[in-house]
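Welcome! Please take a look at the chain below, and then we can walk through its fold together.

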Amino acid sequence: MTLLHLCFYSAFTLSSLGLAFHRTHLISALLCLESMMLSMYVALAMWPIQMQAPSSTLLPILMLVFSACEASTGLALLVASTRTHGSDHLHNFNLLKC
């Protein structure tokens, strides 16, 4: 395993651990999701360079598009939940109340 792979794996692992253990606010969960997507984007962008492929793939661009859609949906949910519940604390949300 090269140092580059270790950096990508550790960034993805740290952001997934942050998502698992620090779920007090919705904005912190969204930031952890974004850092996971960023580490996956960088890993996919560096993959053709590591494999010495002559052409670049379309997969990193597609992942970047989905990441932008995920970010906009997350921010819309954050605004909507803050307006209805008064805060972005995750323990205030109850899916049974709707």
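What radius of gyration does the protein chain have, and what would a compact globule of 98 residues have?

## Overall shape

This is a predicted model. The protein chain has a radius of gyration of 17 Å, while a compact globule of 98 residues would come in near 13 Å.

The fold is built from three helices and zero strands. Reading from the N terminus, the order of elements is α-α-α.

## How α1 meets α2

Helix α1 covers residues 3-21 and helix α2 covers residues 26-50; their axes are 8 Å apart and the packing angle is about 165 degrees. The cut-off for roughly antiparallel is over 145 degrees, so α1 and α2 are roughly antiparallel to each other. Their crossing is left-handed.

On the α1 side, the contact is made by L4, H5, F8, A11, F12, S15, S16, G18 and L19. On the α2 side it involves A29, C32, L33, S35, M36, S39, M40, V42, A43, M46 and Q50. By class, the residues of this α1 and α2 contact are 13 nonpolar, seven polar and no charged.

## How α2 meets α3

Helix α3 spans residues 59-85, and its axis comes within 10 Å of the α2 axis, with a crossing of roughly 175 degrees. That makes α2 roughly antiparallel to α3.

Here α2 contributes L26, I27, L30, L33, E34, M37, M40, Y41, L44 and A45. Facing them in α3 are L59, P60, M63, L64, S67, E70, A71, G74, L75, L77, L78 and S81. The contact of α2 with α3 divides into 17 nonpolar, three polar and two charged residues.

## The annotated spans

Which residues does UniProt list under "transmembrane region"? The unreviewed UniProt entry places this feature at residues 28-49 and 61-80.

In the model, residues 28-49 are 100% helix and 0% strand, with the end C-alpha atoms 32 Å apart. Residues 61-80 are likewise 100% helix and 0% strand, and their end C-alpha atoms lie 29 Å apart.

Definitions and conventions: Residues numbered from 1 in each chain as written. Predicted model: local features only at pLDDT ≥ 70, side-chain atom pairs only at ≥ 80, totals over all residues. Heavy atoms only, no water. Axes fitted to C-alpha atoms, helices over the stretch in contact; angles between N-to-C directions. Helix = DSSP H or I, 4+ residues; strand = E, 2+ residues; numbered from the N terminus. Parallel < 35°, antiparallel > 145°, perpendicular 65-115°, else oblique. Left-handed = near helix turned anticlockwise from the far one by under 90°. Contact = heavy atoms within 4.5 Å. Nonpolar A, V, L, I, M, F, W, Y, C, P; charged D, E, K, R; others polar. UniProt positions renumbered as here; feature names shortened; annotations may be inferred. Rg over C-alpha atoms; globule rule 2.2 N^0.38 Å.
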